[in-house]
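This briefing covers the cores, the sheet and the helices packed on it. Please look over the sequence and the model first.

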Amino acid sequence: MTALVLTTAVVAGTVGWAAGSGERPVTGPPPGSEAWRADASLGRALPDPATATPRDIAAFFRTLGPAQRRDLAHRHPSVVGNLDGAPVALRYEANATALRRDARFAHLAGRRILAFDPRGRGQVAEVFGDLAPGNRVAVVVPGSDIDAGSYDRRTDPYGTPAGMAKQLRAAAPGTAVIAWAGYTTPVGVGLDAATGELAEAGAVRLARLTEGLAALGTPAPAVFCHSYGSVVCGLAAPRLRARDLVVLGSPGMRAGTVAELGTDARVWAAKDPSDWISRVPNVHLLGLGHGTDPASPEFGARPVPAADADGHTGYFAPGTESLRTFAAIAGGDAR
């Protein structure tokens, strides 16, 4: 009862109660899927984005010649650019076309955009480095207040997915890093941030991302999950094709222990002493809260030293122990 009262007080007493509630997750196949399904240019049905697995998508594109691939990407950029399992370079090309048609997101032009969905507040995934088969890969999953317009802010160089990915790439130059703002995040710290609906929708998309990488022969990635993003990762864990799962500044993962995550990945956790997330009650009652602190000894995660990180968004700051450890995990050197 005490935990329930604390959780309710934290949520209800937050300024973001009204503004931070009511986000609708973007789900389902990408925009343009209806026209894609109706396309008979190849004399056969194209794989349905709503039902085809990433392995199905990869197998389909292997049957096409370069000209056929480019033609589909030009005519259906919003579909091809978001198909997990499609060739990476083709997705870059398709998303470049889609971005040229949407002036709202001009700041993303000329970048290696692996996914771009303009619906809602906008979702995006960007690659730093080379996603060639055989290269090590890391994925950064952000928390609240992130979308296609805010995922790379100069005023917050270590707290956005793009900023985190850039720092991790610099610290582990042999690793390709995906900044994945591929789900509808909570706004503020209201009810959406205290419940799991947005995380459940995001978990489906995150798991599919890793399935798409596997279908292309990419090694299982190290997945770094910040704040509410760790709730997404916790719910995705049983289906997530990851070799390492790293949470930082986490409010909980909807699990009481590492064993309850149902993953074979190594699980790591970081929380610095100045992070305000420590003031969030680690409970899960009546749909509120996200459970045990992953950085607590009883959870059973491998600890990541973070004493010199500053605040909730300082874990990827250059020179910190946390970033050095993250780089070792991403590069496959941590034990």
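**Nonpolar cores**

The largest nonpolar core has 40 residues, and those that touch the most other members are L114, L131, I178, W180, L206, V223 and L245. Helix α9 (residues 197-215) supplies the largest share of this core, six residues. The model is predicted: local features need pLDDT of at least 70, side-chain atom pairs count only at pLDDT 80 or more, and totals for chains, interfaces and linings use all residues. Residues are numbered from 1 along each chain as its sequence is written, and side-chain values use heavy atoms, with hydrogens and water left out.

- A nonpolar core here is a set of buried Ala, Val, Leu, Ile, Met, Phe, Trp, Tyr and Cys residues joined through side-chain atoms within 4.5 Å.
- Buried means under 20% relative accessible area, exposed over 50%, and partly exposed in between (1.4 Å probe, protein chains only).
- A second, separate core of 38 residues includes L168, A179, F224 and I329.
- Leaving aside residues up to four places away in sequence, L131 touches V88, Y92, L114, V137, A176, I178, L213 and T218 (contact means heavy atoms within 4.5 Å).

**The sheet**

- Helices (H or I, at least four residues) and strands (E, at least two) are DSSP runs, numbered from the N terminus.
- An open sheet of eight strands has the order β1-β2-β4-β3-β5-β6-β7-β8, with mixed pairing; two strands pair if DSSP finds at least two bridges between them.
- β1 (113-117) and β8 each have a single partner strand and stand at the edges, so one side of each is left without a neighbour in the sheet.
- β7 is largely enclosed by the rest of the structure, because four of its five residues are buried.
- β7 pairs in the parallel sense with β6 over five bridges, and V247 stands opposite A269 in β7.
- β7 also pairs in the parallel sense with β8 (residues 302-303), over two bridges; here W268 stands opposite R302 and A269 opposite P303.

**Helices against the sheet**

- Seven of the 10 residues of helix α12 (residues 321-330) are buried, so α12 is largely enclosed by the rest of the structure.
- The buried residues of α12 are S322, L323, T325, F326, A327, I329 and A330, and they pack against β3 (136-141), α7 (161-171), β4 (175-181), β5 (222-226), β6 (244-248) and β7 (266-270).
- Just after α12, G332 has a positive phi of about 80 degrees.
- α7 lies across β2 (123-128), β3, β4 and β5, and runs at about 170 degrees to β4.
- Axes are lines fitted to C-alpha atoms, for helices over the stretch in contact, and angles run from 0 to 180 degrees between N-to-C directions.
- Helix α10 (residues 229-236) lies across β3, β5 and β6, at about 135 degrees to β5.
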